Structure formats: structure tokens, C-alpha cells
Amino acid sequence: MTDFLTPTRTETGLTLTAAVGASPASNRLDDVRVVQQLLNANSQHLLPYQDLTVDGRIGPKTLSAIEKFQRTILRFSNPDRVVEANGKTHKKLVALLDATA
């Protein structure tokens, strides 16, 4: 088993194989890249926003962007900074992306 699984494209967007974000998320390289790409693609909803480097590394900028998305778009009063595979944050990132396509 490897931590470098490739996400698959579905009809609704990019999927995750595991959670991304604050500990104890798995933060697999390709999953983090997917989340970084989704956050960048949804940047118009997060202004002001500085695009993330899509490098597959979870760091303070990616965690901050996840938190901003959860607070601003999902209206979480206490964002957990975690994007669960097929969870609320992941589904909304994909839904907004699909809505602008």
C-alpha cells in the first residue's frame, strides 16, 4: 500500500482517497494536491485570496485556506480545517467548481 494514490475523476469532480488538513488527517500527497487545486479553482469565493502552490504539502497556507473556505462558504463557527473524502467541505468545493464550469 502506498501513500501516493492517484485521485480519480468522477462526473462531479475530483475525489479524495483520505482526509486532508489538520491532524489527524492522512494528508496523502495526491489528496492534498486535489484540495489545493479545488481551493484555487474556487478562489473567487474567498477574496482576498492568494493562490496556493499545488505541491501536495499540507502547510499553514493550505490549512488557512481550508479554514477560510469553511468559515466563509460553509459558515462553520468553528472550522476544523479538515476536508474529509465526500464530506461537507469536499462536496461544496466540487459543487462550486461544477457550478462555474
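Arginine 33 is partly exposed, with 31% relative accessibility. Here buried means under 20% relative accessible area, exposed over 50%, and partly exposed in between (1.4 Å probe, protein chains only). A salt bridge is a side-chain nitrogen of Lys or Arg within 4 Å of a carboxyl oxygen of Asp or Glu. Both residues sit in helix 1, three residues apart, about one turn of the helix.

The count is two salt bridges by this rule. Glutamate 67 pairs with arginine 71, again with closest N and O atoms 3.1 Å apart. These two are four residues apart in helix 2, so about one helical turn separates them. Glutamate 67 is partly exposed at 26%, and arginine 71 is partly exposed at 41%. An α-helix has 3.6 residues a turn, so residues three or four places apart point the same way.

## Model and confidence

This is a predicted model: local features need pLDDT of at least 70, side-chain atom pairs count only at pLDDT 80 or more, and totals for chains, interfaces and linings use all residues. Residues are numbered from 1 along each chain as its sequence is written, and side-chain values use heavy atoms, leaving out hydrogens and water.

The chain has a mean pLDDT of 87, and 85% of its residues reach 70 or more. pLDDT is the predictor's confidence in each residue, from 0 to 100. Over residues 1-13 pLDDT stays under 50.

## Helix 2

Helices are DSSP runs (H or I, at least four residues), numbered from the N terminus. Helix 2 has 13 residues. Its buried residues are Thr62, Leu63, Ala65, Ile66, Phe69 and Gln70. They cover an arc of only 160 degrees around the axis, which puts them on the same side of helix 2. The arc is that of the directions from the helix axis to the C-beta atoms. Pro60 and Lys61 are exposed on the other side.

## Core and loop

The largest nonpolar core has 18 residues. Such a core is a set of buried Ala, Val, Leu, Ile, Met, Phe, Trp, Tyr and Cys residues joined through side-chain atoms within 4.5 Å. Its largest share, five residues, comes from helix 1.

Tyrosine 49 is among the residues with the most contacts inside this core. Serine 43 touches Tyr49 and Asp51, not counting residues up to four places away in sequence. Contact means heavy atoms within 4.5 Å. Serine 43 lies in the loop between helix 1 (29-41) and helix 2 (60-72), and is buried at 17%.

Technical notes
The expected span of a helix is 1.5 Å times one less than its number of residues.
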